[in-house]
Amino acid sequence: MTKQEALFCYTLRLGDNALILGHRLSEWSSKGPLLEEDIATTNMALDLIGRADALLKYAAHVEGKGKTEDDLAYKRGEREFLCNLIMQLPNGDFGYTIARQLIVSAFDFCLYEELVKSKDETIAAISAKAIKEVKYHLKFASDWTLRIGDGTEESHQRIQKSFDDIWMYTGELFEMNEVDTILIKEGIAVDLNVLKTRWKKIITEVLLEATLAVPADAYMQTGSRKGVHTESLGYILAEMQYLQRAYPDAKW
Amino acid sequence: MNMLNEKEIYELLSEIPDPEIPVITIKDLGILQRVELKGGNCEVYITPTYSGCPAMKLIEDQIKEALADKNVGNIIVKLVYAPTWTTDWITPEAKEKLRLYGIAPPLHSSVDKGVLIGKAKVLKCPQCGSQNTEMISQFGSTACKALYKCLDCKEPFDYFKCI
């Protein structure tokens, strides 16, 4: 694998994570439990989609085949997406969405904190922007984990179950392969093993304060690095890509 | 017709108001970065406030419209992420315009720490000036604003978030 191929894969991973999670959060639009949370989830979705736009634009540039960020977002099939499985999970109830958001925002916080130092200028610049927004997302997810966890008996049980159910998707966030090896050597990517300790610390602190138990590590779901996804991604793309596929190159 | 130079083009574009908050300009906000004339092209560099700011497309259109009949060559608007946009770039004059418009201006990043995170009541109501204010939500009507209410005059207001 060449450095260019590795870089393309790497930016796709980052871009696809932002795009698919952004899409999931946008599904709360008009369905939030409270008006403020409806606005909060869609605001975060907007941050993520903006980040996806920047990352996929760069990915297209790195690929060097004349594609645009729209081509990458709307014309690839499931097997070509490199988003982690956790991003594509259905939203579930609000507590489940919050559990996923806490896990992902804590991960993004640790990741982008390091990527601002990347030797790749574009990734560093996008990361400097991302880290600021991620801080607000992490704060939001932490606050709601506290409210729901240290809430009523029902809210506590339900969000505990959410964390228990979603835990098997956390391991995959830290998976690395040849792409990472090549780019870490170039000073572009980050060693995810180092991030894992920091991430675990953040999650543990929030969960314990929320009177929740940290789930034990057991079997971890895997596959997205090879483009093998959950069935959810198919449904997401069917909706998200519908317009572009039905009316190719349509413009507003 | 004489061709405008980079400085003149920049001055012209500095007048463009922000689509969401028309009392301040894209220069006041630090969105407008610089203008470069090279090889028959007029390159205008802008930086987004938030990653997904939907106003950026509109600002790009307004830039092109402002320069359309000015004979500056091929207009290319470039979105850049570095240097990273920060509310610290907003001038004190622009902050006062925000306040008069009814939006609590962003505190400087050095003092903002407690605002959206702690319970410290430091934000002044832009309507009545009282510091007896409370946050309703960290996310408001746009990506850049949070929602507050004043416990004295009872009016809600937006806070331009520090970032």
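This is a predicted model: local features need pLDDT of at least 70, side-chain atom pairs count only at pLDDT 80 or more; totals for chains, interfaces and linings use all residues.

Trainee: Okay, how many helices and strands does chain B have?
Mentor: Chain B has four helices and seven strands. Starting at the N terminus, they run α-β-β-α-β-α-β-α-β-β-β.

Trainee: And what percentage of its residues count as buried?
Mentor: Of the 163 residues in chain B, 37% count as buried.

Trainee: What's the strand order in the open sheet of four strands in chain B?
Mentor: The order is S4-S7-S6-S5, and the pairing is mixed. Strands S4 (103-104) and S5 (133-137) of chain B are at the edges with a single partner strand each, so one side of each has no neighbour in the sheet.

Trainee: How do S6 and S7 of chain B pair?
Mentor: S6 (residues 145-150) and S7 (residues 156-160) of chain B are antiparallel, with five bridges. In that pairing, B:Lys145 stands opposite B:Phe160 of S7(B).

Trainee: What holds strands together in a sheet, anyway?
Mentor: Strands pair through backbone hydrogen bonds, either parallel or antiparallel.

Trainee: Switching to chain A: which residues are buried in helix H10?
Mentor: In H10 (residues 231-240) of chain A, those are A:Leu233, A:Ile236 and A:Leu237. Looking down the axis of H10(A), the buried residues fall within an arc of 95 degrees, so they line one face of the helix.

Trainee: What covers them?
Mentor: The cover includes helix H1 (3-26) and helix H4 (85-88) of chain A.

Trainee: And which residues are on the face turned away?
Mentor: That face of H10(A) carries exposed residues, among them A:Glu231, A:Tyr235 and A:Glu239.

Technical notes:
Residues are numbered from 1 along each chain as its sequence is written. Chains are lettered from A and ligands numbered from 1 in the order in which they are written. Helices (H or I, at least four residues) and strands (E, at least two) are DSSP runs, numbered from the N terminus. A residue is buried if 20 or more other C-beta atoms lie within 10 Å of its own, exposed if 12 or fewer, and partly exposed in between; C-beta atoms are placed from the backbone. The arc is that of the directions from the helix axis to the C-beta atoms. Two residues are in contact if their C-beta atoms, placed from the backbone, lie within 7 Å. Two strands pair if DSSP finds at least two bridges between them.
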